[in-house]
Amino acid sequence: MREDNVTGEIKEKLLKLQKKRRLAFFVMICFFPIGVFIAKTLESSPFAGILIFVYFIFTGFLLTKVAFHKCPRCHKFFFFSSSWANGFTNKCLNCGINFRGEEL
Ligand SMILES: [Zn+2]
């Protein structure tokens, strides 16, 4: 079920997906400095390990949620195709639409 013209709603969803991916990557990149900060600040407290673990789970949750996001146009996984997976791509691996709603 593929539409040839990209509606504003699809473009909006694609931009939302792009923002979610940026946020997930940002949280992932911040994991190390925040983990070091928590470990240094709460040195001998067992609470430090719990906080770092919660942040780790949160990061994994965000990345998983973005990775299994469906394309608003073709309704298949955006970052997965039947033969390939790429979390860094800017276009749907199934229909080829990019985050700005243009066909590549
Ligand atoms: Zn698609």
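Is His75 buried or exposed? His75 is exposed, because 11 other C-beta atoms lie within 10 Å. The rule is simple: 20 or more other C-beta atoms within 10 Å of a residue's own means buried, 12 or fewer means exposed, and in between is partly exposed, with C-beta atoms placed from the backbone.

Before going on, a word on the model. This is a predicted model, where local features need pLDDT of at least 70, side-chain atom pairs count only at pLDDT 80 or more, and totals for chains, interfaces and linings use all residues. Residues are numbered from 1 along each chain as its sequence is written.

Back to His75. His75 sits in the segment after H3. Its phi is near 60°, a positive value in a residue other than glycine. Most residues other than glycine have a negative phi.

Now the helices. Helices here are DSSP runs of H or I with at least four residues, numbered from the N terminus. Two packed helices are described by the angle between their axes and the distance between the axes. Each axis is a line fitted to C-alpha atoms over the stretch in contact, and angles run from 0 to 180 degrees between N-to-C directions.

Take H1 and H3 to begin. H1 covers residues 8-29 and H3 covers residues 46-67. Their axes come within 9 Å and cross at roughly 150°. So H1 is roughly antiparallel to H3, a label for angles over 145 degrees. The crossing of H1 and H3 is left-handed. Left-handed means that the near helix is turned anticlockwise from the far one by less than a right angle; clockwise would be right-handed.

Which residues of H1 meet H3? They are Lys20, Arg21, Leu23, Ala24, Val27 and Met28. On the H3 side, look for Thr59, Leu62, Leu63 and Val66. Contact means C-beta atoms, placed from the backbone, within 7 Å. By class, this contact of H1 with H3 has seven nonpolar, one polar and two charged residues. Ala, Val, Leu, Ile, Met, Phe, Trp, Tyr, Cys and Pro count as nonpolar, Asp, Glu, Lys and Arg as charged, and the others, Gly among them, as polar.

Next, H2 and H3. Their axes are 9 Å apart, at an angle of about 165°. That makes H2 roughly antiparallel to H3. H2 passes H3 in a right-handed crossing. H2 brings Phe31, Ile34, Gly35, Ile38 and Ala39 to the contact. H3 brings Ala48, Leu51, Ile52, Tyr55, Phe56 and Thr59. The contact of H2 with H3 has nine nonpolar, two polar and no charged residues.

Between H2 (31-41) and H3 is a loop, and Ser45 is found there. Ser45 counts as exposed because it has 12 C-beta neighbours inside 10 Å. Ser45 and Lys65 are 20 residues apart along the chain, and their C-alpha atoms are separated by 31 Å.

On to the core. The largest nonpolar core has six residues: Leu14, Cys71, Phe78, Phe79, Cys92 and Ile97. A nonpolar core is a set of buried Ala, Val, Leu, Ile, Met, Phe, Trp, Tyr and Cys residues joined through C-beta atoms within 7 Å. Leaving aside neighbours within four places in sequence, Ile97 has contacts including Val6, Leu14, Cys71 and Cys92.

Last stop: Lys91, in the segment after H3. Lys91 counts as partly exposed, because it has 19 C-beta neighbours inside 10 Å. Lys91 and Lys70 are 21 residues apart in sequence and 12 Å apart in space, C-alpha to C-alpha.

Notes
Helix = DSSP H or I, 4+ residues; strand = E, 2+ residues; numbered from the N terminus. Parallel < 35°, antiparallel > 145°, perpendicular 65-115°, else oblique. Contact = placed C-beta atoms within 7 Å.
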